[in-house]
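Please have the sequence and the 3D view open side by side as you read.

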Amino acid sequence: MMRLWINPLGRSASLLFLSLTLTGCHLALSPPDCPPGQSLGTDKLLGKWTVQMAGSTTPWALNLSPHPEHLGSLRGELRQGNQRYLVVADLEGREFTMEESHDGQRIAATWLGTAVHGHCGRWVQGERVVTNQAAEGFSMRRAP
């Protein structure tokens with residue numbers, strides 16, 4: 001004898017549950033975008049970031065704050081262990097630019113990246129360019 005399973009919630013409740021479950025999965029897989037009309041400015045970059053260089057397992061810490069001398073620009077520090085480098089950064093539209101200095105005088109590396117669409121300025125990907133060296137990819141995310 002074959003037994004049929006009968007859903008005690010009924011078909012409507014089952015469809016609602018399935019719909020909510022699928023919607024929840026969709027939201028978990030695709031991060032929220034910025035509210036409509038919200039532009040990305042340097043204020044989105046303020047604070048602490050985790051920077052991962054391609055091919056490296058040890059992340060860098062980056063802290064950005066408003067630049068006291070250049071309105072709309074940022075300055076900060078890039079750190080990994082005992083290494084500490086001064087940086088200045090800008091965000092124009094979705095285009096991110098950062099200059100790294102090892103001595104506080106000269107530019108040692110230039111970072112060129114793009115704010116990843118759909119992450120409202122909380123994720124930037126690009127390349128770090130050092131003179132006479134191959135460019136290396138980077139990914140920086142807002143620190144938790």
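S3 and S4 run antiparallel and are joined by seven bridges. Strands here are DSSP runs of E with at least two residues, helices are runs of H or I with at least four residues, and both are numbered from the N terminus; two strands pair if DSSP finds at least two bridges between them. Across this pair, Arg-79 stands opposite Arg-84 in S4. The hairpin of S3 and S4 has two residues between the strands, and Gly-81 takes a positive phi near 60° there.

S3 also pairs with strand S2 (residues 60–66), in the antiparallel sense and over six bridges. On that side, Ser-65 stands opposite Arg-75 in S3. Buried means under 20% relative accessible area, exposed means over 50%, and partly exposed lies in between (1.4 Å probe, protein chains only).

## About the model

This is a predicted model, in which local features need pLDDT of at least 70 and side-chain atom pairs count only at pLDDT 80 or more, while totals for chains, interfaces and linings use all residues. Residues are numbered from 1 along each chain as its sequence is written, and side-chain values use heavy atoms, with hydrogens and water left out.

## The chain as a whole

The chain has one helix and eight strands, in the order α-β-β-β-β-β-β-β-β from the N terminus on. Of its 144 residues, 29% are buried. The chain exposes about 9900 Å², with carbon and sulfur atoms supplying 58% of that area (Shrake-Rupley method, 1.4 Å probe).

Among contacts (heavy atoms within 4.5 Å) with a separation of 6 or more, 33% are between residues 24 or more positions apart.

## Strands S6, S7 and S8

Strand S6 (residues 109–115) runs antiparallel to strand S7 (residues 123–129), and six bridges join them. Leu-112 has Glu-127 in S7 as its bridge partner. On to strand S8 (residues 136–142), which pairs with S7 in the antiparallel sense over six bridges; here Phe-138 in S8 is the bridge partner of Gly-126. S7 and S8 form a hairpin with six residues between them, and Asn-132 in the turn has a positive phi of about 65°.

## Met-140

Leaving aside residues up to four places away in sequence, Met-140 touches Leu-45, Trp-49, Thr-50, Val-51, Leu-62, Phe-96, Arg-122, Trp-123 and Val-124. Gly-113 is 27 residues from Met-140 in sequence, and their C-alpha atoms are 9.5 Å apart.

## The largest pocket

The largest pocket has a volume of about 170 Å³. Strand S4 (83–92) and strand S5 (95–101) are the elements that give two or more residues to its lining. The lining residues are Leu-86, Val-87, Val-88, Glu-99, Glu-100, Ser-101, Gly-104, Gln-105, Arg-106 and Ile-107. Four of the lining residues are nonpolar, three polar and three charged.

Conventions
On a 1 Å grid over the protein atoms alone, a cavity is a set of points where a 1.4 Å probe fits but cannot get out, and a pocket is an open set with protein on both sides within 12 Å along at least five of seven lines; lining residues have an atom within 4 Å of a point. Grid points are joined across faces, edges and corners, and a volume is the space filled by probe spheres set on the points. Ala, Val, Leu, Ile, Met, Phe, Trp, Tyr, Cys and Pro count as nonpolar, Asp, Glu, Lys and Arg as charged, and the others, Gly among them, as polar.
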